[in-house]
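Here's a quick tour of a protein model for anyone just getting started. Have a look at the structure first, then work through the notes below it.

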2 protein chains.
Amino acid sequence: MEEQTIIFGKNSVIEALESGTREFNKILISSNSRADVKIEQIKNLAQKRGVVFQFVAKEKLNSIEPEGRHQGVIALISPVKYIEIDDFIEKHRGKLASVVILDGVEDSHNVGAIIRSCVCAGVDGIILPSRRGVLINSTVEKTSAGATNHIDIIKTNSLVNAIQRLKEENWWVIASDHHAEQNYYEIDYTDMSFALIMGAEHAGISKSLLKLSDFKVKIPMLTNFNSLNVSNASAIILFESVRQKMTK
Amino acid sequence: MEEQTIIFGKNSVIEALESGTREFNKILISSNSRADVKIEQIKNLAQKRGVVFQFVAKEKLNSIEPEGRHQGVIALISPVKYIEIDDFIEKHRGKLASVVILDGVEDSHNVGAIIRSCVCAGVDGIILPSRRGVLINSTVEKTSAGATNHIDIIKTNSLVNAIQRLKEENWWVIASDHHAEQNYYEIDYTDMSFALIMGAEHAGISKSLLKLSDFKVKIPMLTNFNSLNVSNASAIILFESVRQKMTK
C-alpha cells in the first residue's frame, strides 16, 4: 500500500470491511476492550477477508488517535479513492442520478454527516473542491459512520468546470440559497438528474456557482431565527427528494 | 447571580445579548482579537444593556475554554432557565404548539443542532430528562448558535410523566422509530399540538415511551444504509411539518 490513512471506531471499521472498497494493512484492537458483539464482528470479518488484526495496549491506540474517539479499534487502510467527474458522469449515464456539491464546507463533522445523509437518501456522489473546505479525513470517515465507502467521491480543482460538465450532460443544478424565492419543495426531483450545491455555513455559495444554477431554493423557516446547520439543511432537501420519489 | 455558566463564540454571545433572557456577569474579549464587525456588535449590545466587558489576554480565554472554540469571546452568564412541564402546557394552552422530547441523546453537538432546527421550525419547547443524556452545557449552547435562548427548555425527572401530562391535555405523541410502518410524511402535523420523541442514536426510544405514543413513524431510506444522524432525522421530520403548514 503506497499511502495509508487511519479510520477508527467500531462502526467505521465494520463498514469499511463490509464494503470491500478499501485495502487493509492491519487492524489494531485494544487488548483492554471488553468482549463485545461488534469487536467479534470485526474479528470475523477480518478473518474472512484475510486481514491481519493485532491486540495492542490501549495507550498505543491513544497515541495514534489522541482524542480518544477510537472505541478500542483503529484500522490502517488505503485512503478513500477519489474519482474524476467524467468517470462519474459516464458511470451514471442514462440513469436518473444525483450528486451533492459542497462549496467550501469546512467542518469535518458536517461533511461526515452530509455524506451519511447522502447515502441514506440514495445520492450517488459527492463533489469536493481540492482547495477550499475539507477533503475526506479520519473525522469525516468517523462522522459518516462508514458512509464514505458507499458513495462516489469526486475531488476537483474547479467546481465551476465540474458543474459545467454536468450541465453539458443535461444534469440540473440546484443551489441552496437563503435569499432564493422558490421553496425547496416546489421543485420536482423525480424526473431529472440533479446536482445540489450546499455552501459554507457563513459565506454561503460562491457567486460564480450561483450563476450556473438552474434553480435557487430556500428552506422557509417559521421564525426569524434563520440559521440551520448545513448538514441539517442538506438532509431536509435530500429527504424531500426521497419523499417525492416514494409518493409519486 | 447565584450560579453562572459560560457561553463562548461570537454568535452565541450576540444571541444571548439580543434575546434578553440571560443575566450577564461580564464578557471577556481577547485583547489580541482583530477589529471585527461581530466584536463591535458585541461591544455595542453590551453597552446598551449595561453589561461589563473586559479585554483580557488570549491565554486567559484559553484557560476558561481549553478547546479553543471561543473565537476570542467568552461570557459569564446565568444558566439557561428550565421550566416545568405544567408551566409549558399552561403557556401554550388553546394554541397549536409543538415540543421535541430527547430520550437519552448523549452527544452535545447533536442536542445543540436539534435545538437550532427546532427554533427554525417554530417548535415551542424541548424536553430533556434530568438523568439520561445531556442537559444544556456550553457545547450545546455553542452548537445551537444561540437557539437555546429562543425556546422553552423543560427538564424532567420522568419523561413518562411528562408525556402523560401532555396526553391529558390532548397533545398527540409521535415517536421516531425505524421499525415503524408509517412514514413520517403520512401524518398531518397541521391540526394538532404534537410532541415528537427522538431516541438515542444506537438504543432508540425506550419501550415505555414507545408504548405511550399515538403514532410511530419512520424515515424511509433509498438504500440499505439505514443510519441517519439523530439531528438530521429530527430536522427532516420537523421540516416536513413546516412544509405542510406552509402549503396547507
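Keep in mind that this is a predicted model.

**A covered strand in chain A**

- Let's start with strand E9 of chain A, residues 172-176, which is mostly covered: four of its five residues are buried.
- Which way does E9(A) pair with strand E11 of chain A, residues 194-199? The two run in the parallel sense, joined over four bridges.
- To spot this pairing in the model, find Ile174(A), which stands opposite Leu196(A) in E11(A).
- E9(A) also pairs with strand E12 of chain A, residues 215-218, in the parallel sense over three bridges.
- Here, look for Ala175(A), which sits opposite Lys216(A) in E12(A).

**Two helices side by side in chain A**

- Two packed helices are described by the angle and the distance between their axes.
- For helix H1 (residues 10-19) and helix H2 (residues 37-49) of chain A, the axes come within 10 Å and cross at roughly 25°.
- Angles under 35 degrees count as roughly parallel, so H1(A) and H2(A) are roughly parallel to each other.
- The crossing of H1(A) past H2(A) is left-handed.
- Residues of H1(A) that take part include Val13(A), Ile14(A) and Leu17(A), while those they meet in H2(A) include Ile42(A), Leu45(A) and Ala46(A).

Notes: Residues are numbered from 1 along each chain as its sequence is written. Chains are lettered from A and ligands numbered from 1 in the order in which they are written. This is a predicted model: local features need pLDDT of at least 70, side-chain atom pairs count only at pLDDT 80 or more; totals for chains, interfaces and linings use all residues. A residue is buried if 20 or more other C-beta atoms lie within 10 Å of its own, exposed if 12 or fewer, and partly exposed in between; C-beta atoms are placed from the backbone. Two strands pair if DSSP finds at least two bridges between them. Axes are lines fitted to C-alpha atoms, for helices over the stretch in contact, and angles run from 0 to 180 degrees between N-to-C directions. Angles under 35 degrees count as roughly parallel, over 145 as roughly antiparallel, 65 to 115 as roughly perpendicular and the rest as oblique. A crossing is left-handed if the near helix is turned anticlockwise from the far one by less than a right angle, and right-handed if clockwise. Two residues are in contact if their C-beta atoms, placed from the backbone, lie within 7 Å.
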